[in-house]
Structure formats: structure tokens, C-alpha cells
Number of protein chains: 2
Amino acid sequence: MLIFEKTEYLLRLEKIKEQMEIKGVDLLVLADPANMNYTTGYDGWSFYVPQVVLVVKDEAQPLWIGRGMDAAGATLTTFLKQENIQGYPDDYVQSITKHPMNYVADIIKQRGWADKNIGVEMDAYYFSARAFRELEKSLPNAVFTDATNLVNWVRLIKSHNEISIMKQAGKIAENVMQTALDNLSPGTRECDVVAKVYQAQISGTTEFGGDYPSIVPMMPTGVKTTAPHLTWTDDPYEDEQAVNLELAGCKNRYHCPIARTAYLGNNPSDKLSNIADVTVEGLNLTLDAIKPGMLCEDVELIWRNHIAKHGFEKESRIGYAMGLNYPPDWGEHTASLRPGDKTVLKPNMTFHMILGMWMDNYGFECSESFRITETGCETFANFPRKLFVKN
Amino acid sequence: MLIFEKTEYLLRLEKIKEQMEIKGVDLLVLADPANMNYTTGYDGWSFYVPQVVLVVKDEAQPLWIGRGMDAAGATLTTFLKQENIQGYPDDYVQSITKHPMNYVADIIKQRGWADKNIGVEMDAYYFSARAFRELEKSLPNAVFTDATNLVNWVRLIKSHNEISIMKQAGKIAENVMQTALDNLSPGTRECDVVAKVYQAQISGTTEFGGDYPSIVPMMPTGVKTTAPHLTWTDDPYEDEQAVNLELAGCKNRYHCPIARTAYLGNNPSDKLSNIADVTVEGLNLTLDAIKPGMLCEDVELIWRNHIAKHGFEKESRIGYAMGLNYPPDWGEHTASLRPGDKTVLKPNMTFHMILGMWMDNYGFECSESFRITETGCETFANFPRKLFVKN
């Protein structure tokens, strides 16, 4: 069930080890499920218990350490040899006397790595304060280095194989957005439209199925559009209201986020139509201008200058690197399209650029996920950019 | 958009403060989204950035501190007065120079709590090693106490209002399981059946819509049943194969998990039919025996004695407290139905008991979510307990 060839993972490990060398890290403890997947192929909904991948400078293969019952999943989804898959006994789970990180430390000791410089992902979602404390206590001779996002930065440039999967996610995203627009109507409950969207996300296309996106569908309307991360309710959509659609397609944990705005009714205000035109024009011209060699902040500046000409301004970040991920986020926490970000755009970096213009009591958003090409950029989904008026 | 009356939250806070008193904690920093919800009502998919609720011994209301753009969501979903909702500027997000926990520490200092005994959830999912380090650095005069699961233990006994919501989750769970059984058939892709299940989860019933469960639907078949946390693929279900169904209904973040086993084809083996009979009989008699006053480990013993009579044994944990939660888990990380757990069963504690019997190359599982009543227990869903043979 390995998604890519083993050689792809070995190449990734080479790049990661170069970064470890630069940072003086001998052993990397990866708790971020996306980084565990990236280095080994491991894919399972098991990140609710502590689990790690160890990348060791002088070892050809990483080690997967997780709950005993998940070792079979590691055997099925990774390229690792059996001795590099280590499951801890179930009495470590939610125990008050011991912690899975003590087991991880025991393996590190057994293999003679207890006095190494150990890189840990201090700010990863599934590396708790306790997990770090237990590692520190169990490995008093180790030196710990914060290696948050070390692997994430390697993930920034995708391989051709990864791009192929993201194009599939893009196809799914097109279906997903069309499904949302087809099912939105005044009187239909929010939950029922979101349910159809979920179905489209998971069913995918007739050619390939979908995976669960790392963020739930966001389809707020009315006052709820002021609070961007509230989920749906049982309320019906109403006539003469705008609806923000922040959705995604996902394939093998790779994402293509996509945002559009719909208007239910016949009479979108001139103000809304105007901000939609300005935003779409800005999206088009910003995408047209993107080229490898530019800095991330240059991209934002093009957009900012465009809206300034129309008398608008917007908070600074308009996009971020994304691709492989697990809940709760599809962003990669590396490059951002915002002032001050000096990351140089290179071919096969992948971003989600989301342009949202929020006024006092109305707003419009439109986004694209794209890769940098040799000469410009290419979106993963192909979907009209406009205000969708549905009457 | 507050789900319960304000009085319900105030009652919860009273119980939490009793526990804080016992542990000598003056100020509790809650980063677990379920605990943030439990104490304030806050509900949003914003836990991918650092956010906390502060419960202070001498303050009537908690403080919500999160990303600026989520403050509107806090206003809409909580009972908090406006001055107790504090949003941090967006340049704290994924910054390399500062961390949202520095902002949290600033508020703690401003309010004069910098030298208090501060309880933190060291092993909560969204409280990273870095988050704790930043708090420690910014508050050198504070004493930190590990308060992991302090609120979770208060959550163990549900109010009547919470039970009402969980009964709704139970109704949704019935629909969800029926949808899975209706759509399973040889030749249908796994993703397409899971897609229908998702739709049922979110759509809910005609009376009330559903919420996203904290764990994705698990519907493995064939070799994948040996790896319990792998998600679906594009492969079609096959004839003469068993399928494990680990699903849930969810309403307002409250869950009713439910597991059953289906067999596609005409000829389930005698061994499978036998283990199904033994398991269902064990589930029935264990549920019948449950009474308030028993210990959690007593429940497990009834089951263990039953299967021992039939020549089987099983690893020890057969259930756990559950209810309100967010991804990646619906379990509450408190009481478990396993040897050594001396928790005394009390009315309106809620559990998921999941009985899985895994042999070399076949297996059967069946589960119920239930509350302890004054005299016994009551399941949230009402769904037949048997091997579902679908030909």
C-alpha cells in the first residue's frame, strides 16, 4: 500500500539528512504525522496516541515507533523492514505510571544513541509538553535541538510524483466545489449541503477516490461569515445572502484547497459585485505575474498594489505553502505569501493563495492552489473565478 | 449560538474550581479544545493555531484567548462578556520571532496572576512542547502544575442536557450504521461507501443535523482488518469477506460511537458465526450486569469470564469514557473498562464499550455507547447486535 516508490522516500531522506547535518542534528524525532508519512509512507488515523519516526544520520532506514496494534498498519503502508517497526505494549496507552516516550527513549538507548544531538519538533501538533519532558528525563545525556519544520521545509518543493497526486486532488476539488454550488439553495439546511460536499470529497472521481481533507468544509453565511472557523449548523440557507465556500479535494493526504463565494438570490449588491470583480481581477493578475525567482513577499505586493488602486487594503498574509498533511491543518507552516517572507519561489513549490475581502457587512473570497512551474505557475483545479449568483 | 444555558457552564466551572482547590491550582490554562468548549461553549475549527481558556479561581468567568480572527467566533458561541475574549494579532501566527503563548503570558501578567500556581495540560493534543516552554520562560515567577485531564474527569458525569444531546448523536449513529450496511456490496469502492457514511453523519436526521465525528469512519476489509487505523482505499469490497464498521454519530461535538461487523456473501465460516455469537452474548450479558456502584474493572471481568468459558481471551481494555470531543479522538482519556481501573460507576457516566475478537485471519466486533442509569445502563443507539450477512 506504499503510495510512491521506495526510491522517492530515500531521496527525501537524503535531503532531510543534509538539513540535519547543517543543524548538527544526529537523530530526528518526528511526531508530526505528515512528516512521519513523508519519511516512511506511514498513513493511519493513529496520531491520537503518541507515535514517532526516528531519522538517524548514519542509518539507511528510519524507525517507526507506535502503538503495538498499529505496527501492522506500518508494515502495510511503509517501505520499512520489519525490525525498524516497533510497537509499544498497550499498557502504555493513557497510563498514569508510564508514557510512550519512555519506550521511545528505551529504543534510543538500546541502539546507542542516548548521547546524541536529538532534534525534536517542539511546536508540532502531536508532540505534547509531556512527551518532550519524558524524553528529556529519560535521556539525560542527550542534547536537544528544536527541529520544528525542518522536514516541512524539505517538503516545500514537490517531486513530480507528488505533483501528479496533487493534480488528482485538484480534480476532486473541482467536483467538490461544483457539488456545493449545485446543492446550495434557500431553505436547505447547512448540514445537508455540507453532507453532499463531504460525499464528493470522499467519493472523488470515477477514476480515483478521495481522502479526508485536513480541515472540514467551511460554508458560512450571514453573520457567521464574520467568524471564519465556525462550522455548519442546522439552519437553512436564506435567500438574498452570500455564502463563503472554503473547501478542498484530498488524495493520499495531498490537498487542493479551493475557495469561492456564492450568492443565493437575484440581487447581489453593487458593492458585493464590485468587490468580487476587484478580487477576481487581482487573483488573475497576481497568478499571471508569478514566476520562479520571485520572493514570496513580491507576490503579496502585486496583490496589495492592485487593491490599493481600488481603495482597499487587507491584512497581510494571502497564502501559504501546502500539500501533504493531516488534521487539523493542510498548511505546511513554512513559506507564506506575506510582507517580509524572502523565500525564493522555485519550480514545484505549491501554495494556496486565498484572497478574502471583508467589509463591514459583506465580503467576497476566491482562491487557487497552484504549483510554481519553470516559467510561471499552474493551478491544480480549473474552476471559474467569479461570484456565483444562484437564483 | 450557545448550546446550553449559561447556568450549565457556571455549574461546570464550580466543579472544576473544586478540583483546582484540591490540587492547589489558582489558574488553569486549558488548551484542549474539548475543555475550552466545556468551560465556555467555544466551538470552532481553530485549534490549528494556539488558543486557550483561562479558568481563574477567583474570577466568575473564564477568559478566552485565541487568534484575533476567531474572537468573533468566541463572541458568537460562548457566554463570555466581551472583555474576557482576547484575540492576538495575526503576526503571532507561525512567526519565528514570537509565539502566541507570549501573548497569553502578557495577559496573565497584566491581570496580576504571574506568580500564581498555574495548571497546564501537559499531555493535551494541542499544547505543544514549545507552548509550554514559552509560558515557562515568560512567567518565571509562576509555579506550574500538571493538570492534564483535570477537566476531563469533571466531564465524566454528564448533565441531563448533555445526555439529551448524546441521545441525538445516538439517533444519528443508527442512521449512519444503516447507511453503511445499505451501501456495502461487492464491487463497490471503499471510498464510495465511506462517502455515503460521511453524508449520513453530517446530514443527521430530518429533525436535527449532524456534526463531524472526531474520528473518520473505519470500514476495513480483508488484510486491512489487521491494521485497525488504516483508512479507506479505492479498492472495491469483495465477495465472501467480512467488513469491520467503526462509525459514530456526533451532535454539537458529543459522540455516539457504534461498531458492527458485516459479511458480504452467503457463506460466513462457522468460526466467524461462532465468534459473533459468543461476542454478542458477552455484550448482552455485560450490559445487563452493569450497575452504578460497580468498578470499571468489574465490568471488564464479566466479559473476560464469559469469553474464558468459551476458550477465548482478549487484551484487557474493552471500553472507555467518551462524549464531548474534537479530532483526533472522541475518548475522554479518563476511566477505562480494564483491569486495575477502580473508578466507581455513577449515573450519567458515559462509555463506549467495544468488544473485538481477533483471530488469526478473521474477527468480529460489536460495540455500544451507553450511560449509567440509577439502576443499570441505557444505550444511546438502538441497533441490532449480530453479524450482518449481506448477500
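Guide: A nonpolar core here is a set of buried Ala, Val, Leu, Ile, Met, Phe, Trp, Tyr and Cys residues joined through C-beta atoms within 7 Å; buried takes 20 or more other C-beta atoms within 10 Å of a residue's own, with C-beta atoms placed from the backbone. This is a predicted model, where local features need pLDDT of at least 70, side-chain atom pairs count only at pLDDT 80 or more, and totals for chains, interfaces and linings use all residues. Residues are numbered from 1 along each chain as its sequence is written, while chains are lettered from A and ligands numbered from 1 in the order in which they are written.

Visitor: Which residues touch the most other members of the largest nonpolar core?

Guide: That core has 236 residues, and A:Leu28, A:Ala173, B:Leu28 and B:Ala173 touch the most other members. Leaving out residues up to four places away in sequence, B:Ala173 touches, among others, B:Leu247, B:Cys256 and B:Phe380.

Visitor: How do you know that the same surface serves both copies?

Guide: Contact means C-beta atoms, placed from the backbone, within 7 Å. By that test, 57 residues of chain B are in contact with 57 of chain A, and 100% of chain B's contact residues recur in chain A.

Conventions. A residue is buried if 20 or more other C-beta atoms lie within 10 Å of its own, exposed if 12 or fewer, and partly exposed in between; C-beta atoms are placed from the backbone. Two residues are in contact if their C-beta atoms, placed from the backbone, lie within 7 Å.
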